Amino acid sequence: MDSVQSHISRVDFSNRWILLLIFFDLLVLTALTFLSPMQAIGVIVVLFLAAYFFLSPLGYLYFLLIWMPYETLLLPEGDGVRILRLLAISLIIILGWSKYWLSGNSIRFPNRYLLLPIIAVFLWSAMTVFFSPMPLSAMFEFIKMLAYLAIFFLAYNIISTRKDFRKLLYFMFIISIPIYIAAYYQFFALGFLRVWGIFGNPNTLGLFSFTTAGMALLLRELKEKSKLTSIIVIVWLLFSVSSLILSGSRASIFGLAIFGSAYLILKRKYIILLILILAGGLGAYYIMQTQALFTDFARVTRLMAGLTGRTIIWDTTLEMIKDYPTFGVGPGNVSGLLYNYAQATHPIVNIDLRFAMEEGLTHNGYLQQLAEIGIVGLLLVLWAIYRFIRFLSSIISSDNRENISGPALVVLTIFVGRLAHSFFESSLDVGPFTLDMSILLAYIAIIKLKDNHT
């Protein structure tokens, strides 16, 4: 009896320390906005080392979940800090792997069915570097991809149970609150028509909010019966969907609609889906009949803004692809070439469109892959996507002894929604591999839970 009480006391003590460290990290991350990039890296490394040796193995993933969205506060976007960003994430990865090796744990890899196409994509991407018009720049981006692959493998080894998965989702909820608050402040207090939270780009906030809406449903599927958890799920969904709408990211709104529809269809909630469609249709009719409402709705959602220059970017990207069809221009090299191609066919473009081109954003994930790693590379990416869908579908349709069909269904519908989103934005998940840390952990967790029972 005494040993049990002692164990409970240690767990409670650990949880208190985790919550205190979360609060302290968020406080410091806000304060670091006033420091230089080098100072910020120094402070964050010290904080990481402190949390690193006091928290459980999941502490490493907690840190990554904080680092990824809040990184832009410490190291704003720009060519001058690209190397600093890579050095920072590389140091974090080295420390993570060092602790894992020192703990004496064995290293496992995901099942070959999913791993093989991902490795094929990476091998082909490495080959394209040698045929790239700017090989050094392509090599830099490829190293960044390898860094995230190292995170992929390490996270797979750290996550072990449903409880681990739930803890990560609760943590994701905690760190997303300041981002939502920033978005509300920008809209209601500062009067911005499109808000960006802490990301610097409304589309990034839109994708983050879309992903966190999926995380809320995942938490619902993983939860033990708890009134508190149900409240958190509802609050998280409300925050996510409202922040997404305030971002004005139509690609993410479209992705969320596909995700929600797919979820209701696979859950066989046809009546709810029909009610939502009818309610949406009636709401749209009412808005269109009321001039003031229609004006405000069109202003917030940018309903009348068309594709905001995406067709120009797509046409320009296709012209570039014609010159580099097999190997592409190399990972990350669209930024160095796209605007030059645009000048030949569209010499005058607005400043936002030019900025997108110079950032290397084609606003279509499939075109992005085709432009960067060529037709073979895109086919390998589609192969990875196909296998991941098959993998998730097999879990849903199996006898489900491991009881993960519910979470797998949510992950599948999120994945389908993100594939739809990729028709209008540059991001595209390579099967379960992605540069988006929050959804990456969800993909890894569902794979690990399945692999543990095979």
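Figure 1. Ile 375 is partly exposed, with a relative accessible area of 40%; the term covers values between buried (under 20%) and exposed (over 50%), found with a 1.4 Å probe and protein chains only. The model is predicted: local features need pLDDT of at least 70 and side-chain atom pairs count only at pLDDT 80 or more, while totals for chains, interfaces and linings use all residues. Residues are numbered from 1 along each chain as its sequence is written, and side-chain values use heavy atoms, with hydrogens and water left out. Ile 375 belongs to helix H16 (residues 365-397); helices are DSSP runs (H or I) of at least four residues, numbered from the N terminus. Together with Val 376, Leu 379 and Leu 382, Ile 375 forms a nonpolar patch on the surface, with about 310 Å² of accessible area in total. Accessible areas come from the Shrake-Rupley method with a 1.4 Å probe, and for residues only the protein chains shown count as cover.

**Figure 2. Thr 211 in helix H8.** Thr 211 lies in helix H8 (residues 202-222) and is buried, with a relative accessible area of 1%. Beyond its neighbours within four places in sequence, Thr 211 is in contact with Arg 418, Asp 436, Ser 438 and Ile 439; contact means heavy atoms within 4.5 Å.

**Figure 3. Gly 330 in a loop.** Gly 330 is found between helix H13 (310-323) and helix H14 (334-345). Its relative accessible area is 0%, so Gly 330 is buried. Leaving aside neighbours within four places in sequence, Gly 330 is in contact with Thr 128, Ser 132, Ala 138 and Glu 372. Gly 330 and Leu 370 are 40 residues apart in sequence, and their C-alpha atoms are 9.9 Å apart in space.

**Figure 4. Two loop residues with positive phi.** Arg 268, although not a glycine, has a positive phi of about 60°. Arg 268 lies in the loop between helix H10 (250-266) and helix H11 (270-289) and counts as exposed, at 66% relative accessibility. His 363, also not a glycine, has a positive phi of about 55°. His 363 is in the loop between helix H15 (351-358) and H16 and is buried, with a relative accessible area of 11%.

Technical notes:
Patch = residues over 30% accessible without salt bridge, like charges linked within 9 Å, V, L, I, M, F, W, Y side chains within 5 Å. Salt bridge = Lys/Arg side-chain N within 4 Å of Asp/Glu carboxyl O.
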